[in-house]
Amino acid sequence: MSRAVQFDDYGGIDVLQVRDVPRPVPADGEVLVEVKAAGINPGEAMIRRGAMHDRWPASFPSGQGSDLAGVVAGLGAGVTGFDIGDEVLGFAEQRSSQAEYVTVPARQLTAKPPAVPWEVAGSLFVAGTTAYAAVRAVNLADGDVVAIAGAAGGVGSIAVQLAKRTGANVLGIAGPANDEWLTTHGAGPVNYGDGLADRLRAASPSGRVDAFLDFFGGGYVALAVDELAVSPERVDTIIDFAAVEQFGVRSAGNADASDIAVLAELADLVTTGELEIPIGGVYALDDVQAAFTELEARHTRGKLVLRP
């Protein structure tokens with residue numbers, strides 16, 4: 001047997017349960033992974049609440065989770081390149097990684113570099129590839145000024161660092177508790193609230209904002225296009241889909257960089273010290289409800305992680 005997070009219907013955090021389930025068996029081309037860490041993400045909370053039913057419907061009982069890192073515990077027929085006991089990181093596409101064991105296609109795994117901690121390896125996929133795709137979508141160049149809403153969150157904290165690597169000037173929109181972290185990572189902190197557009201222009205070396213990344217929602221796309229006059233093709237949101245329709249901005253995210261080569265590239269950057277993945281908290285699998293309670297308060301810096 002194995003244990004896994006499941007829920008039987010859309011609802012609040014209280015619908016999440018940790019249950020005994022049959023230990024999965026790898027099919028042809030699959031790898032059985034004993035999970036050591038699995039990140040949690042805001043999108044999972046939205047799916048659980050039913051807010052994404054039209055886009056990503058759930059079937060019940062539903063599992064949760066895409067991010068994972070662990071140890072190879074079994075190999076399906078035809079799998080090459082992995083051995084029992086190998087340390088790996090990767091992703092599941094069947095909402096199943098928040099569990100003690102999970103099976104995934106071998107093509108969705110890569111070797112975990114020894115220098116990458118379990119918590120980081122197990123929370124890198126969704127946030128990392130989302131940040132990677134969003135930064136790529138707005139075509140940053142040396143000297144550009146990019147503002148990032150939700151700059152201290154799981155996705156935003158990675159995007160800040162990837163945007164800096166392009167040579168852009170980064171303005172990180174977050175609460176004052178994150179000013180020091182943003183400054184340390186090369187971003188100019190700009191606190192959210194009334195008068196934000198004026199503060200962003202004042203903080204910009206050029207007095208303008210050339211690109212905008214929205215990882216928070218709640219009107220930031222309108223601010224970027226209407227108040228800051230950022231061209232829609234240089235605005236990307238991963239959360240405000242109504243604004244995508246209204247303003248014609250980009251919506252590149254995880255699905256646009258869900259590639260094991262991208263994940264391996266990000267892991268290498270962590271290994272070389274060129275990318276930091278802040279870990280805001282680590283929870284036991286049994287404490288999944290507490291983990292999502294913290295996540296959905298939307299004030300965590302970096303990633304929250306489950307350790308089965």
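A strand here is a DSSP run of E with at least two residues, and strands are numbered from the N terminus. With that settled, I can start on the pocket. Please keep in mind that this is a predicted model.

My subject is the second largest pocket, which holds about 350 Å³ of space. Its lining is made up of 22 residues. Nearest the centre of the pocket are Gln6, Gly63, Gln94, Arg95 and Ser96. By class, the lining has 10 nonpolar residues, 10 polar ones and 2 charged ones.

Which strands supply at least two residues each to that lining? They are β1, residues 2-7, β4, residues 62-63, and β7, residues 101-105. Of the contributors, β1 gives the most, with 5 residues.

So let us look at β1. Is this strand largely enclosed by the rest of the structure, or largely open? Buried means under 20% relative accessible area. In β1, 5 of the 6 residues are buried, so the strand is largely enclosed by the rest of the structure.

Next, the partners of β1. One is β2, residues 17-21, which pairs with β1 in the antiparallel sense over 5 bridges. In that pairing, Arg3 stands opposite Asp20 of β2. Another partner is β4, again antiparallel to β1, over 2 bridges. Here Gln6 stands opposite Gly63 of β4.

That last pair takes us back to the pocket. Gln6 and Gly63 are among the residues that lie nearest the pocket centre, and β1 and β4 are among the strands that each supply at least two residues of the lining.

Methods: Residues numbered from 1 in each chain as written. Predicted model: local features only at pLDDT ≥ 70, side-chain atom pairs only at ≥ 80, totals over all residues. Heavy atoms only, no water. 1 Å grid on protein atoms, 1.4 Å probe; cavity = no way out; pocket = protein on both sides within 12 Å on 5 of 7 lines; lining within 4 Å. Points joined across faces, edges and corners; volume = space filled by probe spheres on them. Helix = DSSP H or I, 4+ residues; strand = E, 2+ residues; numbered from the N terminus. Nonpolar A, V, L, I, M, F, W, Y, C, P; charged D, E, K, R; others polar. Buried < 20%, exposed > 50% of the residue type's maximum accessible area, 1.4 Å probe, protein only. Pairing = 2+ DSSP bridges.
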